[in-house]
Amino acid sequence: MSIIAVESIANGRANGSPATALRAAKAAGVTVDQLLGDLAPVHRCSACGRSG
């Protein structure tokens with residue numbers, strides 16, 4: 001994976017894939033769950049966390 005591809009994903013210009021998340025987790029020595037952190041529930045605003 002090129003540095004440009006990694007930078008694009010990190011900066012939000014490109015979408016990552018499950019394989020990218022797995023590679024990043026392995027490189028960091030953590031699980032994918034630890035890398036991604038807690039995911040917001042679907043019924044909550046991703047920006048502010050409000051429901052409804």
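Predicted model: local features only at pLDDT ≥ 70, side-chain atom pairs only at ≥ 80, totals over all residues.
The face of helix H2 that is turned away from its buried side carries Arg23, Lys26 and Ala27, which are exposed residues.

The opposite side of the helix may be considered next. Three residues of H2 are buried, namely Thr20, Ala21 and Ala25. Seen down the axis of H2, the buried residues fall within an arc of 130°, and they therefore line one face of the helix. The partners of this face can also be named: the buried residues of H2 pack against H1 and H3.

The protein contains three helices and zero strands, and along the sequence its pattern reads α-α-α. Its radius of gyration is 13 Å, well over the 10 Å that the globule rule gives for 52 residues, so the protein is more spread out than a compact globule. Along the principal axes, the C-alpha trace spans about 40 × 25 × 15 Å. Of the 52 residues, 8% count as buried. The protein exposes about 4500 Å² of surface, and carbon and sulfur atoms supply 56% of that area.

With the overall form described, individual residues can be examined. Thr20 belongs to helix H2, which comprises residues 18–28. Its relative accessibility is 17%; because the limit for a buried residue is under 20%, Thr20 counts as buried. When neighbours within four places in sequence are left aside, Thr20 is in contact with Met1 and Ile9.

Ile9 is found in H1, which covers residues 3–10. Although Ile9 and Thr20 are eleven residues apart along the chain, their C-alpha atoms are separated by 9.3 Å. Beyond residues up to four places away in sequence, Ile9 touches Ala14, Asn15, Gly16 and Thr20. Is Ile9 buried or partly exposed? With a relative accessibility of 27%, Ile9 counts as partly exposed.

Ser8 also has its place in helix H1. At 15% relative accessibility, Ser8 counts as buried. Apart from neighbours within four places in sequence, Ser8 is in contact with Arg13 and Ala14. Ala14 is also among the residues that Ile9 touches.

Val30 lies in the loop between H2 and helix H3, the latter comprising residues 32–36. With 32% relative accessibility, Val30 counts as partly exposed.

In summary, the model shows a protein of three helices that is more spread out than a compact globule.

Terms used
Residues numbered from 1 in each chain as written. Heavy atoms only, no water. Helix = DSSP H or I, 4+ residues; strand = E, 2+ residues; numbered from the N terminus. Rg over C-alpha atoms; globule rule 2.2 N^0.38 Å. Buried < 20%, exposed > 50% of the residue type's maximum accessible area, 1.4 Å probe, protein only. Areas by Shrake-Rupley, 256 points an atom, 1.4 Å probe, with all protein chains shown as cover. Contact = heavy atoms within 4.5 Å. Arc of directions from axis to C-beta.
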